[in-house]
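Please walk through this protein from its overall fold to one helix. The structure comes first.

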Amino acid sequence: MRMAPGEHRSVAFSDEAELEPVLAPFVHEGLAGRDKVLYVTDVTHPAVATGLLRGWGIDPDAYAGRLEVRTLGTSDPDVMVAQLTEAAHRARAEGYRALRFTGEMSWAVREGTDSLTAFETKVQALFDSGVAMGICQYDRRVFPPVTLSELQRLHRGTDVDLEFDGALLRIRRSVDPPGLELDGEIDANAVDELTRALTSAVRRERGDVHVDMGRISFIDLSGLRALVDTATSLKEGRSLVLDRVPEHVAQLIGLIGWDKAPGLRVRGGDARWSR
Amino acid sequence: MEQMIHQASLYGSDQEFLEMAVPFVRDGLANGEPVLVTTTSGNLELLGEALGEDASRVDHAETAYYGRRTAQRATAFTRYWRRNSGHRRVRILAEPVWQGKSARDVLAWKRMESGLNVLLDDTGIWMICPYDTRSVGAGIAEDALRTHPSVSADGRTAQPSATYADPHDFIGRCDAAPLAAPPAGSVSAPLDEINDVRRFVAEEARRRGLAEESASLLAVAAHEAARYLGTPLTAGIWESFGAVVCDLRRPGKAISDPLVGFRPPGPIERAEDGLWLARQVCDHVDVRSDATGCTIRLQAAGPRLQTG
């Protein structure tokens, strides 16, 4: 993952372990390059976030003055963005390329959607000026799914949700509906990655897990088996829902008899939007 | 579980058909065994009238639509057994359509009749296959005695068939003729990677006018066959009347099991599952090994197929 000044992304997580694949490279990259890093917490104590960074192999003490972890002490979008703007300009004045910002957004649950939209819009303007970039952290346990899906539209390059980027297959997390989006071709070479992404989606979500198949141009028997094995391993009451399944793939699933597999639901065409 | 029984029953009249079928079905129902009857619409009607009230307890299918191709037929039987897995014995009366079939199709169905002795060997199926001597040719009736270990005239007792042939020998004779050489208009390509195989087949199938869906299905069949064969291989594709045909040839490879891909997938993944899928998707799948390698030939319906 390479990020340049101006970029504005988000990461949705259900537990802290899910932050690592997104934030660790973000911070590492900044420190290895010419950026200053600001990690803003809200409900998490800064010492806990510092501990997380250490766990990711980043020692904040070694980067004193360049990597800072703190709270902003306010929930007013204008004040927050003013503080970030000031920090960004200071970083530039100190000779850094830009400010890398990442922040916990849980304050927005208290303040409401209007404050959140105001913050995201204003902070985008700051990023657009080229002096900063950032990743906003959204805890799925506290944000309603509707809000999360609106946020996806506010953030550019939601590719922090990219789980796997292979030559033939890309796997992305999706928030609404919760699950994965698959794009490309799935054969035995991609099955391990697919299974890994499915397993983590099943752990991440609490209800049904959706898999958008609309951009799958090829899937073989081993790929279909990975989907079915995931579905049948789900506890009762949960389903793996295959959305926008191409006609010939639906036909294959029917031939094998997996359309009746417990825990699997197969939906073709535009059924995803008629929920 | 009971042992598998596979019997032929040659009949020359409606009366003879019923003398075998009615006791076979009634005994099964009396024992609480699942009973499936798949035969012509004419025989279904006859049997339904003869069974009266009991007919409502019989699973039935018009035979032309119960497994259109041999691999689908064998799969349907296996699935019927699996669906009724709580029973020690399951009865199936199975009469294929013989009339009007091409010599190639007749051979394929005889081959399957013989193969069922192996494919269903681990089931408790008791299958009786009626042959109507008024309509089937002498060659088909004679081979029924080679493909069924015993013969029953009353649906209860049986005589061993003196001419019963070991399935591997019988199928070996069915497969003795080499595959016809690809015609002049065929296109072929040496391919190193499995993803090149599916792309080559999909593109060439589309170029020959197959609809997107049919081309995709043929590409899946070719991919699975190639996965079984291994790469590198040479792929060839051409049209013949009513069909698009695709050859995959792997030098140095041999496939010895003539029934590979006839057994439907179960919960545990097996190497032959992909070939099973290829056999479900295609109209014909021929597998031939010789001294220098192995060829899998896939045939799908051509672009001008009408479906109503």
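What share of the contacts in chain A with a separation of 6 or more comes from residues 24 or more positions apart? The share is 75%, where contact means heavy atoms within 4.5 Å. This is a predicted model, in which local features need pLDDT of at least 70, side-chain atom pairs count only at pLDDT 80 or more, and totals for chains, interfaces and linings use all residues. Residues are numbered from 1 along each chain as its sequence is written, chains are lettered from A and ligands numbered from 1 in the order written, and side-chain values use heavy atoms, without hydrogens and water.

Chain A holds nine helices and eleven strands. These are DSSP runs, numbered from the N terminus: helices are H or I with at least four residues, strands E with at least two. The C-alpha atoms fill a box of roughly 65 × 35 × 30 Å along the principal axes.

Of the 275 residues of chain A, 54% are buried (under 20% relative accessible area, with a 1.4 Å probe and protein chains only). Chain A exposes about 11800 Å², by the Shrake-Rupley method with a 1.4 Å probe. Carbon and sulfur atoms supply 49% of that area.

Now take helix H9 of chain A, residues 247-256. Its buried residues are His248(A), Val249(A), Leu252(A), Ile253(A) and Ile256(A). Seen down the axis of H9(A), they fall within an arc of 145 degrees, so they line one face of the helix. The arc is that of the directions from the helix axis to the C-beta atoms. An α-helix has 3.6 residues a turn, so residues three or four places apart point the same way. Gly257(A) follows H9(A), with a positive phi near 90 degrees.

Technical notes
Buried < 20%, exposed > 50% of the residue type's maximum accessible area, 1.4 Å probe, protein only.
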